[in-house]
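The following paragraphs lead through selected features of a model. Please keep the sequence and the coordinates at hand while reading.

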Amino acid sequence: MSFQKEKMVGKTVTSRRIPSSFRDPSGFLFFREGSIYRQVNTVYKEDYDRLMSCGLYEALVDTRVLIPHQEVDVESVKSDEAYKVIEPEPVPCISYPYEWCFSQLKDAALATLKIQKISLDHGMSLKDCSAYNIQFRKGRPLFIDTLSFEKYREGEPWVAYRQFCQHFLAPLALMSCKDIRLNQLLRVHIDGVPLDLASSLLPFRTRFVFSLLSHIHLHAKSQKYYAGKTVDTSTHRMAHRSFLGLIDSLESAVKKLTWEPQGTEWAEYYKDTSYSPNALRHKRELASELLDRVNAKIVWDLGANVGMFSRIAAGKGIATVSFDIDPAAVEKNYLECVRRGETNILPLVFDLTNPSPNIGWENQERMSLLERGPADTVLALALIHHLAIANNLPLERIASFLGRICSSLIIEFVPKSDSQVERLLSTREDIFPEYTQEAFESEFGRYFSIQSSVRIRDSERTLYLMRKRET
Amino acid sequence: MKSLGHLITLGILVTFLYFVSVGEAYAYLDPGTGSYMFQLAIALLAGGFFAIKLYWRRIKAFFGSVLSKRKNGGKNSD
């Protein structure tokens, strides 16, 4: 899940452009021998020099909202267009807006507006505020596209206004006012939620909230009214104060949007679970010991809920991605990260039975989950019964999938006699005669060698450490 | 002033359209022009609010400092 994954898996790579980096004529990203670089094209020379010399770069890096970089002497992929080559600091885990919880998207939106305000103070402006320009690093949103700044020209409107509304305000409003799951619209609409769609989905009451009435509903109407019409833009000017007012208005609109993570099934999991305090304590101790044994650098915690076990990994300094299907659990996890100032956990909303695919132009702009792997270690705790029984996934297919995304696996087997599995089976026919501990060991044994298995005290469950077999 | 009048007219027109027209959207048409024109109108309004907000903050800060001076003065005289 890293820009530098090719380095990690030890492949030798010559220079090649990153497939998602092609829209901006100002430059592009490329790999060269395991590291990532950004070429600054000659056409962007003036704005790049301005960014670096006017104090904006230092101001943004000092505020920790822009990725720091170094100018390097590296041969580019298209050297005839190159002005400079820069090496941005690595981002350990790449994630996308449709994988973020509400507060992650909100913080990303506020970070973007903060960057725009600081830019205006330095006589520059964001020409691109795609949500994909934000990545989470060390627990906080970070703007990663160094070439998105241009000189602010007095009188010109904000070229990225529509993009901000589509990428941030519309999905946040839908998540806050309609349904938290509507951030998934970003997976379908790669350039943000179309405003006419957002307007039609938002409840009628949002028409009485001035910020949403204006930036979404009336904005959408205006788009429709002017569709196909030609307008002479040279006669219109937008005063600097109006520009500041617009940013202030968007900031206030975003800040007013809230969502309380409650009432979903999994966010209350640890309050309503079959573990005794003794069993939970033992499971935590075992997980910690096994993590020490595998010496992981990157852990993916699948079905992490609010991140109880992710925190054990993160506490050891391991970069941990904390996946869960429940937006409320992920929201609680993220808010806890922010509250505690945790830097090693990235909580993400993820449906393991339908993980993020490759999307965008040529199916190459945004990476699938598999493409962002493999992780060193996968934690799959209290997960197997949900996949095998609630989702009818054969054990062999689960083992095969996990074998593709990690080299070490810490997995908990939950037998049919466990109260949680009994609950799952209470509303469905037991068509899972193969779901036994023997079959589990046999199927997983095809892809992994079992290093250890320990029964968790006061429970029916067993915790395994497995290593992927060499193929 | 001409452009201000144009923007106000635009604002009224868009508001009017909002309340009277309901229909399907044409997503395949470029929404950029509508966004551009709308931004000019809403930014004009937002700019006005922003100016009022700034002045209001200054007024509050002024009276805040006057009151705190009086309080401090009162305390000192005790």
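How many residues of chain B are in contact with chain A? There are 27 of them, and they meet 34 residues of chain A, where contact requires C-beta atoms, placed from the backbone, to lie within 7 Å. This is a predicted model, in which local features need pLDDT of at least 70 and side-chain atom pairs count only at pLDDT 80 or more, while totals for chains, interfaces and linings use all residues. Residues are numbered from 1 along each chain as its sequence is written, and chains are lettered from A and ligands numbered from 1 in the order in which they are written.

On the side of chain B that touches chain A, two or more residues each come from α1 (2-20) and α2 (32-77) of chain B; helices are DSSP runs of H or I with at least four residues, and strands are runs of E with at least two, numbered from the N terminus. The largest share, 17 residues, belongs to α2(B). By class, this side has 19 nonpolar, eight polar and no charged residues; Ala, Val, Leu, Ile, Met, Phe, Trp, Tyr, Cys and Pro count as nonpolar, Asp, Glu, Lys and Arg as charged, and the others, Gly among them, as polar.

Chain A also contains an open sheet of five strands in the order β1-β2-β3-β5-β4, with antiparallel pairing; strands pair if DSSP finds at least two bridges between them. Its edge strands are β1 (16-17) and β4 (69-72) of chain A, each pairing on one side only. Two bridges join β1(A) to the antiparallel β2 (residues 27-32) of chain A, and Arg16(A) stands opposite Phe31(A) in β2(A).

Definitions and conventions:
Contact = placed C-beta atoms within 7 Å.
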